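Please keep the sequence and the structure at hand while reading.

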Amino acid sequence: MWLPLIGLIVGLAVGFLLDWRVPQEYSSYLSIALLAGLDTIFGGIRSFLERTFNVRIFMSGFFFNTLFAAGLAFIGGFLGIDLYLAAIVAFGVRLFNNLAVIRRIVLSRWINQQE
């Protein structure tokens, strides 16, 4: 349980201490990869709360979603079409859907504890 928290703290510390910038031509790929990763993480939290979490599904979804979204952005850039916008919309909708379900689960558990 402590390992993800330690990783988050170390990652934030390194990110704030290093002056590293992403080149502008890679910014769409990074934004897609970040959104795909967040979607997978919140999907994993949702499945954990629903007691259906499977680490193989989580890991395969993380890598597949990230690579597929980056590939979609690459193909769109090659064709001169902003295909990464489709991935942003899709992952954004899924992200907010997962957050809504997580909120409902947490609130219902909290209300049940209060009774």
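What covers the buried residues of α4? In this predicted model, the cover over the buried residues of α4 includes α2 and α3. The buried residues of α4 are Ala87, Phe91, Gly92, Leu95, Asn98, Ala100, Val101, Ile102 and Ile105. An α-helix has 3.6 residues a turn, so residues three or four places apart point the same way. Helix α4 itself has 31 residues, spanning residues 84-114, and it reaches 44 Å from its first C-alpha to its last, which is close to the 45 Å expected at 1.5 Å a residue.

Two packed helices are described by the angle between their axes and the distance between the axes.

| Helix pair | Angle between axes | Axis distance |
|---|---|---|
| α2 (residues 27-49) and α3 (residues 55-79) | roughly 155 degrees | within 9 Å |
| α2 and α4 (residues 84-114) | about 25 degrees | 9 Å |

With angles over 145 degrees counted as roughly antiparallel, α2 and α3 are therefore roughly antiparallel to each other, and α2 passes α3 in a right-handed crossing. Residues of α2 at this contact include Tyr29, Ile32, Ala33, Asp39 and Ile41, while those of α3 include Phe58, Phe62, Asn65, Thr66 and Phe74. By class, the contact of α2 with α3 is made up of eleven nonpolar, six polar and one charged residues.

For the other pair, with angles under 35 degrees counted as roughly parallel, α2 and α4 are therefore roughly parallel to each other, and the crossing in which α2 passes α4 is left-handed. The contact of α2 with α4 has 17 nonpolar, five polar and four charged residues.

Is Arg51 buried or exposed? With a relative accessible area of 67%, Arg51 lies above the 50% cut-off and is therefore exposed.

Glu115 lies in the segment after α4 and, because its relative accessibility is 74%, counts as exposed too. Between Glu115 and Arg56 there are 59 residues of separation in sequence, and the two are 37 Å apart in space, C-alpha to C-alpha.

Methods:
Residues are numbered from 1 along each chain as its sequence is written. This is a predicted model: local features need pLDDT of at least 70, side-chain atom pairs count only at pLDDT 80 or more; totals for chains, interfaces and linings use all residues. Side-chain values use heavy atoms; hydrogens and water are left out. Axes are lines fitted to C-alpha atoms, for helices over the stretch in contact, and angles run from 0 to 180 degrees between N-to-C directions. Helices (H or I, at least four residues) and strands (E, at least two) are DSSP runs, numbered from the N terminus. Angles under 35 degrees count as roughly parallel, over 145 as roughly antiparallel, 65 to 115 as roughly perpendicular and the rest as oblique. A crossing is left-handed if the near helix is turned anticlockwise from the far one by less than a right angle, and right-handed if clockwise. Contact means heavy atoms within 4.5 Å. Ala, Val, Leu, Ile, Met, Phe, Trp, Tyr, Cys and Pro count as nonpolar, Asp, Glu, Lys and Arg as charged, and the others, Gly among them, as polar. The expected span of a helix is 1.5 Å times one less than its number of residues. Buried means under 20% relative accessible area, exposed over 50%, partly exposed in between (1.4 Å probe, protein chains only).
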